[in-house]
Amino acid sequence: MAEQQQFYLLLGNLMSPDNNVRKQAEETYDTIPGQNKITFLLQAIRDASAAEEVKQMAAVLLRRLLSSSFEEIYPGLTLEMQTAVKTELLTSIQQETSPNIRKKVCDIAAELSRNLIDVLVADWCVSCMPSRNFPGIFGNQQQHYMEVIKRMLVQCMQDQENPQIRTLAARAAASFVLSNESNTALLKHFADLLPGILQAVNESCYQGDDSVLKSLVEIADTAPKYLRPNLEATLQLCLKLCADTNLTNMQRQLALEVIVTLSETAAAMLRKHTAIVAQIPQMLAMMVDLEDDDEWAMADELEDDDFDSNAVAGESALDRIACGLGGKIILPMIKQHIMQMLQNPDWKYRHAGLMALSAIGEGCHQQMEAILQEIVSFVLLFCSDPHPRVRYAACNAIGQMATDFAPTFQKKFHDKVISALLQTMEDQSNPRVQAHAAAALINFTEDCPKSLLIPYLDSLVQHLHVIMVAKLQELIQKGTKLVLEQVVTSIASVADTAEEKFVPYYDLFMPSLKHIVENAVQKELRLLRGKTIECISLIGLAVGKEKFMPDASAVMQLLLKTQTDFNDLEDDDPQISYMISAWARMCKILGKEFQQYLPVVMGPLMKTASIKPEVALLDTQDMENISEDDGWEFVNLGDQQSFGIKTAGLEEKATACQMLVCYAKELKEGFVEYTEQVVKLMVPLLKFYFHDDILFVPLTVSRVRVAAAESMPLLLECARVRGPEYLTQMWHFMCDALIKAIGTEPDSDVLSEIMHSFAKCIELMGDGCLNNEHFEELGGILKGKLEEHFKNQELRQAKRQDEDYDEQVEETLQDEDENDVYILTKVSDILHSVFSSYKEKVLPWFEQLLQLIVQLICPNRPWADRQWGLCIFDDVVEHCSPSSFKYAEYFLRPMVQSLCDSSPEVRQAAAYGVGVMAQYGGENYRPFCTEALPLLIRVIQAADSRSKENVNATENCISAVGKVMRFRPECVNVNEILPHWLSWLPLNEDKEEAVHTFDFLCDLIESNNPIVLGPDNSNLPKIFLIIAEGVANESVKSEDACSKRLANVIRQVQVSAGLWTQCVSTLNETQQKAIQDLLNTA
């Protein structure tokens, strides 16, 4: 008895709010043997005198114990003890009076039966019925008991005497559907349960219980096609509940959530029900649900949107449904409603109409773009609306459209929009409107082409300066800061776009900005101070080092002072992320001179980059005690478990990691002192944040992994200065993790970055950087990526046969295809780096991928597959010849045929291949060079060969002809082809191939080739023109070896005054300047 009482104390301590007490209790609990735990926990659950929270805790712990340690503990119990456990649980289910405890005991029974399925299963069904975990109890015997399960669920949902049983049965049916989401046959068999579930949704909502409605949301999310047979009934029910103002806001929003979720998970299925647009007025009606607030316009603190409000829920739903269903369906219907709302005398309707326009921009992009003129003209009228909240909504719509339709929006409407926003920013009596106009201006300028903004610079600067001075006075006199915060960011945005054109205005702003940073030290001014620090650093970056240097020292001292106080800043202080970014900008401005500040900067930066967010693995019931409002986000792992991560500090961590990348990139060997600690931080972050190979979702988390990947080749560059041994040690620390990350990363955007970085690392480290184990693992992963590529294409083809296939589905499939092709380009990058580093030694390893690469270049494959398949074989020829010829049977015929392909990208890859055959391939490739030449010429001489889409392929063909003449002259009549080749120069688009052509041209000139120079050097003016255009188009750069050779050709001509005059007189001013630049720099 005493032991049991001690155990009750322990349970109480496990729930203690005091971390130390709880930690000590957890350590004590872990030392108790498993069998004893079961005894103590069962006694606590069955003890009628025990406090309910103690019994609840005991139930949760017992379920966890059976879930995580069943194999270790249960088989070791005596047969009598095992029977006693079952009996105690069944007795407790029957006798327990507390519904909460009874539910939790059912969960334990379900957990146990999942592991111990036997002939008692049918008896257990009824006992466990109230548990939400019910479906899981059937284990691998589920198929055997299918009819039993279905019959029981149907009977329980028809129990007219017990509404609670009907509700629980509906939840159990929903859980069963969810746990079998991928079993199409089973879902079809259970389709006739859906009307009962829908009926229970309706009934339970009016009893104040939204649990079945939540289950319906889950079905819409996870198994939407289950709803197809009763889709109309589902939609009608949800619309009815959504419109019923007698229900709670949460219930109405959940009903709307079912429809919105379906628009995301089964958009094509929903689009067939055109009556779906009937819900749009319902969303708009929710957006009108606003309260009058006399203080609103003067508020100086912006509170977060009330996410529980109908207005916010309606706006969010409209945004999502527009993205899901697409503008073709949504815009025609919503446009007439919005226009009516905008003409309503009630400000709430006008406000809702403008906010609706903001919400649908992304989803209706294509359709809205066609009528943008009409929309913008109409919206701008509301910048002068009598009600401040409508003017606010007009600014919101302008800001959103400036982002959604950039840069078209800026190009078409710059004059009207800038004028309207500046006018609205003068609304001194409504600071909140002023601030939002400034925010809209930020959106506008961020994506505004520099050339468009310059003519407005004087006016913009004047307005912003006047407002800044006035608001600075207000801050001193009244303490108000909202408008000043936005104006400071507006100034930063204008400077960022204007760049060096902002120089004349620098002295107008910098003294005031420094004054704010020096004096805005109070806690409530932290955001203002952070934004001002950002503004100063952005202006410095815009105007450049020369203009900024006189202030640089003072600004650095201000930043250093803030940095010194860094340790005193609270974790959520907004200054932290602004400071981190400002230091990185200062690094870009000062270059190598920034190195001296690293000892001050790196400590806090590493501390922020090392933040470890709080995570938790929770039962579904435990999640009820944690709200997402507390800064937690969750991913459902299934099996009644969720993985949660506390997002506080994540944004700062991601920014800090990106800044470390910036320092490594800018400072190179100057960053060497920190490479070791940074690499130790970054390598583990390649897998941030996984749980059992399930990736956690927030975008911030993927930003951390991208920064980690980006940093790897940069850190190797920094460490080079320490010598090969140090460099190799660092590479060994990275290599395994990078390869594993390529194999496990599920986010394609992050994966492409990891693959790109890995390829750069191999190029940097060179031959010998991968051992046999690395090669084996890498080969398996790349093979998997290629197989996945083909499998995904098959799946997309299958989706094109689906009954719900339509043009919007095709758009989604095209996006997926582009994603897949991008990963294929990264496979090509990795193979390129391996071939260029290891040469022909790597060919035996490559053979495991050979058939997959051959499959890529089959004539029936999409053009992108053929392009990248050929690029891989190009690399084999370029880096692994003459041994490459043993694979010629696989790629030579497709490569020659591809020279005439309808796709310019495929022609380009094939032409490049012919060029490297000539340059590197060896004797075996001679016949193919001869065969390819007329095909190359045919492409070059085609009427549209220089059109935008064809020019790169054509220039590769010209370069290939040059390489055949240069390296395989025996394959071609050089004297016949050379005049033509000369007439095709210079290459303007493909800079790499341009260098090859100029190298060959130098060879020909230096050897006094009579065909190139012409009789009496008559071709020299033409040669001058080619060189001048090459330099003017930056096809030749001063660092290229051929630039010195070209300059020497020009200098030789300079010796003859008459010849020089003749050559230069044919050039225009730009071309003459290019010749002079070449002489000055080469």
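Analyst: A salt bridge here is a side-chain nitrogen of Lys or Arg within 4 Å of a carboxyl oxygen of Asp or Glu. Buried means under 20% relative accessible area, exposed over 50%, partly exposed in between (1.4 Å probe, protein chains only). The model is predicted: local features need pLDDT of at least 70, side-chain atom pairs count only at pLDDT 80 or more, and totals for chains, interfaces and linings use all residues. Residues are numbered from 1 along each chain as its sequence is written, and side-chain values use heavy atoms, without hydrogens and water.

User: Is Arg 585 buried or exposed, and what is the nearest side chain of opposite charge?

Analyst: Arg 585 is buried and has no salt bridge. Glu 534 is the nearest side chain of opposite charge, 4.1 Å away. Lys and Arg count as positive, Asp and Glu as negative; His and chain ends are not counted.

User: Which helix is Arg 585 in?

Analyst: Arg 585 sits in helix α31, residues 575-590. Helices are DSSP runs (H or I, at least four residues), numbered from the N terminus.

User: New topic. Where is Pro 407, and which peptide bond there is cis?

Analyst: Pro 407 is in the loop between α22 (388-404) and α23. The bond from Ala 406 to Pro 407 is cis, with omega near -5°.

User: And Pro 986? Where does it lie?

Analyst: In the loop between α47 (974-983) and α48 (991-1006). A cis peptide bond joins Leu 985 and Pro 986, with omega about 0°.

User: What about phi at Glu 499?

Analyst: Positive, about 55°, although Glu 499 is not a glycine. Glu 499 is partly exposed, at 37% relative accessible area.

Terms used. Helix = DSSP H or I, 4+ residues; strand = E, 2+ residues; numbered from the N terminus.
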